[in-house]
Each structure stands twice: as structure tokens, then as C-alpha cells.
Amino acid sequence: MARMAKVVELPSIAKIDKRQGKISAQLTQALREAVQNGDLQSGDPLPSSRELAQTLGVARGTIIDAYDQLLAEGVFDSQARTGTYVSHALVKPSPKQSTKKDSDIPPAISLTKSAHSYAKVLEEFKPLPHVPFAVSVPVGRAKPSDVWRKFGNKFRSRGAGSPSGYGEPQGVLSLRVAIADYVRRSRSVHCEPDQIMITPGIQQALYICSQILFEAKDEVWVEDPAYRGTTAIFEHAVQNIHMVRVPVDEEGIQVEAGIKLSKHARAAFVTPSHQYPLGMPMSLARRTSLLAWAKQQNAWIIEDDYDSELRYNGQPFPSLQGMAPDQVIYLGTFSKVLFPSLRLGYAVLPKELVAPFCGLRVLIDRHPPAADQHVLAAFIQEGYLERHIRRIRNVYAEVREHIIDLIEKYIPQELAWLQPGDQGMHMVLWLAPQINDIEVASTAINAGIAIKAISPTFSKERQRSGLIVGLSDFEPELLQQAIKKLSIIIQQHAKSI
């Protein structure tokens, strides 16, 4: 069997010009400069003389001469069986001081307003560390079963998820078939597999909705408070669309208030099964009113089915989509019930929206990665997803009760109290009005507690102070320590006012 030719990737030697001769001297100087400039650093391995000679198309002795010179200078080291490498004794060079005058330095390219805006988005959406009380961290009993790993090995190696060519923008058919069956049984969603588009989570689906559904100067309803991933899109990524913040109460979005604020809005973004972040489901009366308004105005409803699976008392509420399949865009994700790094969600679309959604999707990322789609399809089809959901529902219910007990025991009720609710992966801990929740959250993160402030989810006119407390299955001792620390932090901020 013929040996495969090796090509050495060493950009520093690209400037060698064989026409000038003295190739060994040129190579010696190029490698020396590469070490001085930091392109090659202490401990970096060098290609063998045979490999480098083959790459440059020169005699091996030419390479050996250059290496010997640098070995003699102490720039390189060489040991039997380990090869040649940059000497460990070398100190990393400090950056060279510029001798240029200020007038010689070209001005930095100014960033656009959009660039500055997106930099702020990055700062706001930095992930929290995987400690109490981060949301949706698959630790302890909330991890997927070992079946997930076995399916992964099976499908990624030689199965359907093995390396392949380009895929369908809608996603793998077997996963779309599995999702269509799953949401029909569990969420009363009416759809066919060809109405489903696989996404890397809710966020991409929300963004595509914002780009596809509206014309300039359209108005859209967004709950107040609402998921920051939704409001941030309209604040930063969508031009000339007016976001109308519609307040919610214990029954969900106040439809009559929305009609007064903007009767002719083109769409409503809602979380009817579990309002984010407050937690209440939308009542049947509000659902009926919302659908009646949408039908009268020929408006879209974008249903983010947040945390619908995790209801601890009674049955989960059915979807809005099942009541009006032609007007509701239904969005779901597996990030919460499985694990966020999976990056797989889905959009159930009215049939006329499938082509435009997939067209924009092609411009964003062509198609979703295929391997884990095949794994997830089998995980759903063989019933493991529903077993996993039943298991974590019990786990989170237990963790929830434990955290409630700890909050009642350690945090003074005049400073903080819990929002009533019986579902989801988080609870809202309201703070006394004088306490700044953003400052409390910042202090808590610095103290090793992963928690978010709730005030950014509100419009400026209706902001309230509170914290979003995740229910991940950390050890009880860790949860207790975290609540004690949080109590001290809240009391310190209350005293400093």
C-alpha cells in the first residue's frame, strides 16, 4: 500500500524563495523569526526533516543543516523518539514596543450602532454557571438515561447519523414524523410532518418569525413581562416594527388591553401553557378571546409552548394551535426537558409558511446538524422521551418543594416572597420594591449562585424587582448553602438602601 504524502502546515516557511539559493540559511532565519514572533512557541513540535524536505521539495540534508543550527543556538531541542521541538527553556517574548508616532497609526474602524447593540446582547445573554439556581441544567436525576448514549453510539457511527452530505432545510424526516406524533398525543397539536421545521431551539424560530411575518411599521403584541429572547429581537434585530407590550394577569395576556393598545396588530407572541416568567397558564376565556381577535384581524399567533410538559398538579393544558391550526405558529424545544447543549427545537407551521421559513433558514445555517436528530427520533419513537419527562416531573416537583421550604426558613418574608405556581423549571422570588434585583443577581453570581433578575423581562413602565430561581436537581446541601448565601445578600442590599 502506497504511503500517503504528508504536507507540513508551517506558514512561517512560505516566504522561502528557492530562486535566491542558500535555502538552509533562509529556513533557519524563517524558523528563528517564527519563534521570536510567537508563531512557534515553547514546546511546539517541529515536523521531521523528512516531512519538511518533502513539503519544500529540497534535499533532506538542507533541513538537517537548518535544524542543527537552531539546536546549537538553543532555539530547538531534540530527543530520541520524541523528535524536534521548540525549546522549553525559551521565555515567551513580550510584545514589541511600537516606535511609530500617534500620527502614523491608522484610525480604528468605527463600529456601527448595530455592532454596539449586539455586543450588549452578548453581555446580557451570557450563560450562567452550572450551579444553583441555574435553569435546565441536566444534573443528578434529571440527566437523560444511558439509552441516550447508546442511541448516540449506534446512529453516529454507522447508522443514519453517520457523516453525510447536505440535508433538508426542514430537518430529518424521521424526527419530524416522531415530533408530529408526539405533539398530537401530548399537546393536542394538529399537523403533518411536512409542516414541521427543525430548529436549534426557540430562538431561531422566533427570529425567523420576526423576519417573515411582518412589513415595515407593523405592530405586534408581546406579553409584559416576556421572555427576553423575544423582546431583544424587536429591540435589536428587526427594523421598523413596533412592539406593543400587553400586560398579563393571573389569566394570562389581557386581550382587551391589547385591543385598546393596538387593535390592528399583525401578530401576538404568547406563552399560553406557562407564561414566562410568571408561570400562570392562560385561561380558556382568554384563549378564546385571543383567537377571536386573531381571526377578526387576520393576525398570526406565535405560541411558545414554554415548560408545558412540567405541570405538577393535574394535566398539562392543550395547545392553542389545536384550536386554530391555520393561524397559530407553534414553537417547541427539547433544550429544557433533555439538555440545552442538544440545540434541537421545532416549529409547527401553517402550510403556506413552510417554504418561506425554510428559504430564510437556508440563508442562516442551510440545515440543522443531522446526527442528533436521528438519535432524538429514536429516543421519541421508542417511548424514552415520555418516560424521561415523567421522571423529571417528579424530580423537579421534589426539588421545588425543598427550595420552597428553604426560602421560607431562611429568607425574611418582608424582603422576598414566592409567586404562586405549580409548573415549570423555575419559580419567581419577588423582592421588596426598594431592593434592586439586578444588583442582587450580580452579587449572587459573584458569590457562586446562578440567578437572574426578573426586571429586564418587563417594560420600563411596569418593572418589578424579583429573581428567577431555577429548579435543577443539585444536591440538597448545595441548595441549602445557596439559599443561605442568597438570604444574606438580599438582607445586605436591603440594609444598604
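## Helix packing and loop details in a predicted model

You are looking at a predicted model, in which local features need pLDDT of at least 70 and side-chain atom pairs count only at pLDDT 80 or more, while totals for chains, interfaces and linings use all residues. Residues are numbered from 1 along each chain as its sequence is written, and side-chain values use heavy atoms, leaving out hydrogens and water. Helices (H or I, at least four residues) and strands (E, at least two) are DSSP runs, numbered from the N terminus.

**Domains**

- The protein has three domains: domain 1 spans 22-86, domain 2 spans 144-382 and domain 3 spans 393-496; these bounds come from an automatic or database domain assignment.
- Between the C-alpha centres of domain 1 and domain 2 there are 57 Å.
- An unreviewed UniProt entry lists residues 21-89 as "domain: HTH gntR-type"; UniProt positions follow the numbering used here, feature names are shortened, and annotations may be inferred rather than shown by experiment.
- Residues 21-89 are 52% helix and 12% strand, and their end C-alpha atoms are 32 Å apart.

**H7 with H11**

- H7 and H11 (residues 351-365) have axes that come within 10 Å and cross at roughly 115°; axes are lines fitted to C-alpha atoms, for helices over the stretch in contact, and angles run from 0 to 180 degrees between N-to-C directions.
- H7 is therefore roughly perpendicular to H11 (65 to 115 degrees; under 35 is roughly parallel, over 145 roughly antiparallel, and the rest oblique).
- From H7, Gln204, Ala205, Tyr207, Ile208, Cys209, Gln211 and Ile212 make contact with Leu353, Pro356, Phe357, Leu360, Arg361, Ile364 and Asp365 of H11, where contact means heavy atoms within 4.5 Å.
- The contact of H7 with H11 has 10 nonpolar, two polar and two charged residues; Ala, Val, Leu, Ile, Met, Phe, Trp, Tyr, Cys and Pro count as nonpolar, Asp, Glu, Lys and Arg as charged, and the others, Gly among them, as polar.

**H7 with H8**

- The axes of H7 (residues 202-212) and H8 (residues 228-237) come within 10 Å, crossing at roughly 45°.
- H7 and H8 are therefore oblique to each other, and their crossing is right-handed.
- Gln203, Leu206, Tyr207, Ser210 and Gln211 are the H7 residues that meet Gly229, Thr230, Ile233, Phe234 and Ala237 in H8.
- The contact of H7 with H8 involves five nonpolar, five polar and no charged residues.

**H5 with H12**

- H5 (residues 146-157) packs against H12 (residues 371-381) at an angle of about 130°, and their axes are 9 Å apart.
- That angle makes H5 oblique to H12, and H5 passes H12 in a right-handed crossing.
- On the H5 side are Val147, Trp148, Phe151, Gly152, Phe155 and Arg156, which meet Ala371, Asp372, His374, Val375, Leu376, Ala378 and Phe379 in H12.
- The contact of H5 with H12 comprises nine nonpolar, two polar and two charged residues.

**Backbone details worth a look**

- Pro132 and Phe133 are joined by a cis peptide bond, with omega near 10°, and Phe133 sits in the loop between H4 (113-124) and H5.
- The bond from Asp224 to Pro225 is a cis peptide bond with omega about 10°; Pro225 is in the loop between strand E4 (219-224) and H8.
- Lys217 is not a glycine, yet has a positive phi of about 75°; Lys217 is found in the loop between H7 and E4.

Methods: Left-handed = near helix turned anticlockwise from the far one by under 90°.
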